[in-house]
Amino acid sequence: RKWASGISECWCKITLGELNGYSISSGSIWNISDSQTVNLPTGLFISAPFVFGEVFQASAKCANIRFVQPDRLAVYFRLFGTVTDFPNTGTVVNISVKGRWK
């Protein structure tokens, strides 16, 4: 969506298949997925936008999402949690992106 004010926004809902993951401990948090990439619509952002999101797992386990600095063309993220919270098929990631188109 592009607004006359110059603000642009988009959002998506992704249902993940099996992730290519691994467990690397960082204190009590485990890195449980490889980097995931979501390409943004062409021409929607002139600079890196603001990104936020949330994770819902089909198994009702808890995982957290960590975004890597986005650029104007894509959003990059990893999922984190404990080793028993590994995301499985059916995990849903909701992402919202807001920035400027002019």
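This is a predicted model: local features need pLDDT of at least 70, side-chain atom pairs count only at pLDDT 80 or more; totals for chains, interfaces and linings use all residues.
## A buried phenylalanine to start from

Phe77 is buried, with a relative accessible area of 1%. Here buried means under 20% relative accessible area, exposed means over 50%, and partly exposed is anything in between, computed with a 1.4 Å probe on protein chains only. Phe77 sits in strand β7, which covers residues 74-81.

Residues are numbered from 1 along each chain as its sequence is written, and side-chain values use heavy atoms, with hydrogens and water left out.

## The overall picture

The protein has zero helices and eight strands. Both kinds of element are DSSP runs numbered from the N terminus: helices are H or I runs of at least four residues, and strands are E runs of at least two. Read from the N terminus, the order of elements is therefore β-β-β-β-β-β-β-β.

Of the 102 residues, 34% count as buried.

## A three-stranded open sheet

Three of the strands form an open sheet in the order β1-β8-β5, with antiparallel pairing. Two strands are said to pair if DSSP finds at least two bridges between them. β1 and β5 (50-56) stand at the edges, each with a single partner strand, so one side of each has no neighbour in the sheet. From one strand to the next, the twist averages 10 degrees; the axes behind this angle are lines fitted to C-alpha atoms (for helices, over the stretch in contact), and angles run from 0 to 180 degrees between N-to-C directions.

β1 is joined to strand β8 (residues 92-100) by nine bridges, and the two run antiparallel. Within this pairing, Trp11 has Ser96 of β8 as its bridge partner, and Cys10 has Val97 of β8. On the β5 side, seven bridges join β5 to β8, again antiparallel. There, Gly53 stands opposite Ile95 in β8. As a general point, side chains in a regular strand alternate between the two faces of the sheet.

## Two cysteines, but what about a disulfide?

How many disulfides does the model hold? The count is zero, where a disulfide is a pair of cysteine sulfur atoms within 2.5 Å. The sulfur of Cys10 has its closest cysteine sulfur in Cys12, 7.1 Å away, which is too far for a bond.

Are these cysteines buried or exposed? Cys10 is buried at 15% relative accessibility, whereas Cys12 is partly exposed at 25%.

## The N-terminal end: a charge pair and a tryptophan

The structure holds one salt bridge, defined as a side-chain nitrogen of Lys or Arg within 4 Å of a carboxyl oxygen of Asp or Glu. It joins the side chains of Arg1 and Glu9, with 3.4 Å from N to O. Side chains of opposite charge can pair when their charged atoms come close. Arg1 is partly exposed at 47% relative accessibility, while Glu9 is buried at 17%.

Glu9 also has a link to Trp3. Leaving aside neighbours within four places in sequence, Trp3 is in contact with Glu9 and Trp101. Trp3 lies in the segment before β1 (7-15) and is partly exposed, with a relative accessible area of 40%. Trp3 and Trp101 are 98 residues apart in sequence, yet their C-alpha atoms are 8.5 Å apart in space.

## Aromatic pairs

A search of the whole structure finds two aromatic pairs. Rings of Phe, Tyr and Trp (its six-membered ring) pair if their centres lie within 6.5 Å; planes under 30 degrees apart count as stacked, over 60 as edge-to-face, and the rest as tilted. Phe50 and Phe52 form a tilted pair, 5.5 Å centre to centre with 40 degrees between the planes. Phe50 is exposed, with a relative accessible area of 53%, and Phe52 is partly exposed at 44%.

Terms used:
Contact means heavy atoms within 4.5 Å.
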